[in-house]
Amino acid sequence: MSALDTQLEQLILAPNIERADDFYAELLAAHEDLSKADSDAFNARLVLVLANHIGTRAILSQALDAATLSQEEIG
């Protein structure tokens, strides 16, 4: 396994979203006027779309593990 392959199988936890504030505003706007149930369903669909885009099982498993950690534990 090359260094690039190893790097591609590591979950990025450091801030990495281009124009993060714009993305956050877009995410909040997508939830406007949704009921709690519709908002939850939207989040579930978004998670599945992004998981499909990532595709790599090792990274998806790392993401599941990271989601159980508190912000302090992540660093």
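I began with Asp 22, which is partly exposed at 41% relative accessibility. My cut-offs: buried is under 20% relative accessible area, exposed is over 50%, and partly exposed lies in between (1.4 Å probe, protein chains only). The model is predicted, so I kept to its limits: local features need pLDDT of at least 70, side-chain atom pairs count only at pLDDT 80 or more, and totals for chains, interfaces and linings use all residues. Residues are numbered from 1 along each chain as its sequence is written, and side-chain values use heavy atoms, with hydrogens and water left out.

**Salt bridges**

I searched the whole structure and found two salt bridges. The term needs a side-chain nitrogen of Lys or Arg within 4 Å of a carboxyl oxygen of Asp or Glu. Side chains of opposite charge can pair when their charged atoms come close.

Asp 22 pairs with Arg 19 at 2.8 Å, N to O. I looked up Arg 19 too: it is exposed, at 57%.

Lys 36 and Asp 40 form a salt bridge as well, with the closest N and O atoms 2.9 Å apart. I noted their spacing: they sit four residues apart in helix 3, so about one helical turn separates them. Helices here are DSSP runs (H or I, at least four residues), numbered from the N terminus. Lys 36 is exposed, with a relative accessible area of 62%. Asp 40 is partly exposed, at 37%.

**Ser 39**

I stayed in helix 3 for Ser 39. Buried or exposed? Ser 39 is buried, with a relative accessible area of 15%. Leaving out residues up to four places away in sequence, I find Ser 39 touching His 31 and Leu 34; contact means heavy atoms within 4.5 Å. The side chains of Ser 39 and His 31 also make a polar contact, at 2.6 Å. That term takes a pair of N or O atoms within 3.5 Å; within protein, one must be able to donate a hydrogen and the other to accept it, and residues adjacent in sequence count only if both atoms are side-chain atoms.

**Largest pocket**

I then checked the largest pocket, which holds about 1000 Å³ of space. A pocket is an open set of points on a 1 Å grid over the protein atoms alone, where a 1.4 Å probe fits, with protein on both sides within 12 Å along at least five of seven lines; lining residues have an atom within 4 Å of a point.

I counted 22 lining residues, with Leu 11, Ile 12, Leu 50, Ile 54 and Ala 63 nearest the centre. Which helix gives the most to the lining? Helix 3 does, with eight residues. The lining divides into 19 nonpolar, three polar and no charged residues.

How values were computed. Points joined across faces, edges and corners; volume = space filled by probe spheres on them. Helix = DSSP H or I, 4+ residues; strand = E, 2+ residues; numbered from the N terminus. Nonpolar A, V, L, I, M, F, W, Y, C, P; charged D, E, K, R; others polar.
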